Amino acid sequence: MRKSELSKTFRLKHVLTLWVALCSTTALAQQGYSIKGSAADTASFNKMFNSTVYVLNARDSVIQQYTYTDGGGTFVVKSLPSGKFILLVTYPDYADYAETFTLDTANPLHDFGKINMQPRSRLLQEVLIKGKVTAIKIKGDTTEFNAKAYVIQPNDKVEDLLRQLPGLQIDRNGKITANGETVTKVLLDGEEFFGDDPKLITRNIRADMVDKIQLYDKKSDQATFTGIDDGVKTKTINVKLREDKNKGMFGKLEAGAGNPDLYEGQALYNHFKPGERYAAYATAATTGKVSIGQGDNNRIGAASNVVQVGDVMIVPAGVADEQDGFNGTYNGRGFPTARTGGIHYDAKWNTNKDILNANYKVGYLDVNGQNKVTTDRALPSATLHSNTNKSFDNSAFRQKLDGSYTFSPDTISNLKITADGTLKYADTKSNYFTTTSRDGMLLNQNTQSQSSHDDIRIFNMSTFYTRKLKEGRTFSWAVSTLYNNNKTSGYQNSALDFYNASGAKDSTTHIDQYKTTNLSVALVSSNITYTQPLSKAIALVFNYGIGINNSHANRNTFRLSPSGRYDQPDSVYSNNYQFNQLTNQVGSVLSYHPGKSVINVGTRLYVVDFKQHNLNNGSIFRRDFLNWAPQLNYSLRISQAQNVSVNYYGSTIQPTIDQVQPVRVNDDPLNVILGNPVLQPSFSHRMNVRYRGSGGLGGIFITLSGMYGFNPNAIVNTVNTSSTGKTTVLYTNLQGATPNNYSFSGNLSFNIKPLKMNVEMELDASGDKGYSYSNNVLVTSTSNNYSGYVQLRKSKVKTYDLSFVIGPTYTLSNFSLQNQNNNAGGLYSDAWAQVYLPGKFIIFTSYNYNYRGATQSFEAQSRFIWNASLSQTFLKNEALKLSLAVNDLLNQNAILNRNITATSITQSSYSSIRRYFFLSLSWDFSKFGPTTQKQ
């Protein structure tokens, strides 16, 4: 072959792939024209063509490689023996070019001349070949949704795309659930984006930027590195962006106002380019659509009260009390005022060996409102009825700075450092009025007011080092530190009146106190893991960890003196505790990987030494205990589109120090908690089964999952209520019975091609059986919940977007102390319709309907929330939108919660935002790649 000259269409900036295969045409056809092999090209060839050129013999082994020879798009392949060959030329977006040729003694050279490639689009127009994008793929534990397979309307956000994906549900507050499990983390191209607040991605990233949506259980860094499950998983969504949308800027400006005194404003700016991103946002609203991120507040709450080493939860005594501050979240209860903002930066450099991710967020939230609670408490001999009216005004201000840095000096080692710091201030004010009666006779009434101020400071830092050793061995070392300081001060005032059998006031208990609490927690933990392969299919993992917790809780209570000052110490409700806890953990897991199956079996042991020192009286409380955590995991990849997994996890549940030796508090004089020093640990068994499959011309996707758990020697409540309505709670170990719970979920999604409609169906079942003691009588409670739904979805770009969901619910419950029949059926329905009209008008309407049937304890309950809007878009790309909307058109947004337990029936109602009209103007702007989209 003398040379092959390519058309001038292919210049050096293009990516070209050229294979020359040495084998007979018959042998190549038998292989399905699959040409395999790899060769290290010269640096100049890689730079110009990012390609390989090589010759394969009949056994697919590389026998000779060829390199680029001149700057004109010419290739020269020399020294080929006589025989039959195939030349195959491929290029993205162009049809493959193939030609057979023969070399022999008479014809030792072959000149192809100029090869003209035909665009695929031209061929498709001529032959009318149509293809359909695969909507769902299953890759191991990951379910991947192709965004191209779903309808994306102009200016849609990621949240609008997620609503179309089977198995995912998103409520009005942006909470995402996947087959009944809450999605707690949303990533952008595998990286954190503004920390762990999912809504900052789902409600701000444009849907037309998305390439794939990946849903999976994110494993711990340790499990990801070793490949061996350690039971730590987080339900995660990863949003992968299109390459052409990862370079440019985009954002949004929005402002609106409504009645009465409602407003909402938002500014968002993002600048993306390969290897670097930065973004900033600011929001303000009184509509309840903006709040401080739930994820951060969960972490603040955990850091304030609970720390964890492996499976051991450490709960310092004296932490939980009546002055636990406002956590800074809004759940539709009350009237909010929110202001938030943040900046984000992430970068990769040095061929991705260095990765930096940093975020700063600030937020303020104030919520005020009223709450009414009605409770019927069942006793073996009577029923107590209580009513509580509460008003509250809570506010929180928080700043958080977090970042991570990953350094990979080579291909076998990696170091990741993460750190975050939080400053939080919270103020709470509340007033209560509670009455309790029995058979219409007043037993007591309590008037109470509380106020507190929290000053919380948190710092976390962790390092994780991994290294791959020879012969498949691995080593990793994780070290983490936590420091938390929480200072609280506040006032408590209470007047509790008791009444005798004749209805006259018998006695009164007054509380008028000023309280201060200073809590500090310092925690250091370290864990080393080593993996030793025993064969190609078997590996053994060893780990050892140590945790040190030094904490201090100093609480002081002062009574009001005759001078009008709070300067009289109350020793009963004051304490000063020092906590020291040492945890040693050792474990081993055996992993067996035969073919498509993976089996992990192992256990971890935790030896804990706890010491609590009362600095006021010198008393010392010590406790040593052993925790055991076995695990068994099995997974089978049936095919590329199907897999099944079975998991078992066991864990020891140690009694908390508050259950063993609680600090006395008087926030609720009617309910007192007593300690039980002889309380023994219980054990939790949990088993999970999951199946996932997809495929077929109808786009079928199915998931089945089930869980069963039981808890021997469970720690339960022993509740004793006096004739005056005062209750004491003692924790005890349950004997002769075992609490258990279960859940099942099945989801099926498919397409009806003639109607171009997506159908999704789901069935769910859950239940539990629990126990407690009431006035020394064993109380049994059994509950079973059944629900299901059918969703129909049909969309057409810039024409309409329709969705309809409907499903029944039914609850069966049985409580040994209650004779009422509280079995109830219900109905849930949700729908929305968006229609695009001439003149760039858009009509949108939606409703949410909930109905629950009547029982002997409750009347029937129904709520129909109807929203509607009329919008008009402007500019060529419809980026500017003016909207007039009405929220809760029928004025039925009443927050009413009902709860039935073994010993109580409770109904709680909250004030909430109801019907209002809202006028808003929004502008989505963007500029991607080399061209600018004019706004």
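1. The model is predicted: local features need pLDDT of at least 70, side-chain atom pairs count only at pLDDT 80 or more, and totals for chains, interfaces and linings use all residues. Residues are numbered from 1 along each chain as its sequence is written, and side-chain values use heavy atoms, without hydrogens or water.

2. The structure holds 18 salt bridges (a side-chain nitrogen of Lys or Arg within 4 Å of a carboxyl oxygen of Asp or Glu). One of them joins Lys157 and Asp924 at 2.9 Å, N to O. Lys157 sits in the loop between strand S10 (142-146) and helix H4 (158-162), Asp924 in strand S50 (916-928), 767 residues apart. Both residues are buried (under 20% relative accessible area; exposed is over 50%, partly exposed in between; 1.4 Å probe, protein chains only).

3. Asp217 pairs with Arg690 in a salt bridge, closest N and O atoms 3.1 Å apart. Asp217 is in strand S15 and Arg690 in strand S36, so the pair ties together parts 473 residues apart in sequence. Arg690 is partly exposed, at 23%.

4. Thr557 belongs to strand S29 (538-560). Thr557 is buried, with a relative accessible area of 1%. Its side chain makes a polar contact with that of Lys515 at 3.3 Å (N or O atoms within 3.5 Å, one able to donate a hydrogen and the other to accept it; residues adjacent in sequence count only if both atoms are side-chain atoms).

5. Tyr851 lies in strand S45 (841-852). At 35% relative accessibility, Tyr851 counts as partly exposed.

Definitions and conventions
Helices (H or I, at least four residues) and strands (E, at least two) are DSSP runs, numbered from the N terminus.
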